[in-house]
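Open the model in your viewer and keep the selection tool ready. The tour moves from one selection to the next.

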Amino acid sequence: MAVARMRMSRTALLPVVLLAICLLPLATISPWLLVVLVVPVTLAAWVLRVGVDLGDQGVTVRSLLAERTVPWERLTGIRVAENGALWLVTTAGTQLRMPVLRPRDLPRMSELTNGRIPAP
């Protein structure tokens, strides 16, 4: 099985670009105000980085600054929270939130993992 990447849609970059355009006049007032451009850059990095990778090694959850891989042997299941967030549950009893994914993504995850994650 090849690595399947589940990320946020790249169309989410459109509001980030619009925010950057709106902040440009403010940022050009003073050299000190250039720091406000860090906000759209950080948001763009978040959109491009955050997500879940499904591969032979296991499930890799990526946040803005870190990533964690849970091997298939240590995966107990997936918990669906009341707000619709998905959480990986490990054999150690720990839980790891899967960003960007919702319950509607479970059938696709089941297909991509060849049934390692059962379809609801």
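**Stop 1: a helix pair**

Helices α1 and α2 are roughly antiparallel (an angle over 145 degrees), because their packing angle is about 170 degrees. This is a predicted model: local features need pLDDT of at least 70, side-chain atom pairs count only at pLDDT 80 or more, and totals for chains, interfaces and linings use all residues. Residues are numbered from 1 along each chain as its sequence is written, and side-chain values use heavy atoms, with hydrogens and water left out.

Select residues 13-27 for α1 and 38-49 for α2. Their axes (lines fitted to C-alpha atoms over the stretch in contact) lie 9 Å apart. Helices here are DSSP runs of H or I, at least four residues; strands are E runs, at least two.

Now show side chains. L13, V16, L19, A20 and L23 of α1 meet V39, P40, L43, A44, V47 and L48 of α2; contact means heavy atoms within 4.5 Å. By class, this contact has eleven nonpolar, no polar and no charged residues.

**Stop 2: the core**

Select L54, V59, L88, M98, L101 and M109. In the largest nonpolar core, which has 17 residues, these touch the most other members. Such a core joins buried nonpolar residues through side-chain atoms within 4.5 Å. Elements giving it two or more residues include β1 (4-7), β6 (86-90) and α3 (106-112).

Centre on M109. Beyond its neighbours within four places in sequence, M109 contacts M6, L54, I78, L86, M98, L101 and I117.

**Stop 3: S110**

Step to S110, in helix α3. S110 is buried (under 20% relative accessible area), at 11%. Outside four places in sequence, S110 contacts G115, I117, P118 and A119.

Note on methods
Axes are lines fitted to C-alpha atoms, for helices over the stretch in contact, and angles run from 0 to 180 degrees between N-to-C directions. Angles under 35 degrees count as roughly parallel, over 145 as roughly antiparallel, 65 to 115 as roughly perpendicular and the rest as oblique. Ala, Val, Leu, Ile, Met, Phe, Trp, Tyr, Cys and Pro count as nonpolar, Asp, Glu, Lys and Arg as charged, and the others, Gly among them, as polar. Buried means under 20% relative accessible area, exposed over 50%, partly exposed in between (1.4 Å probe, protein chains only).
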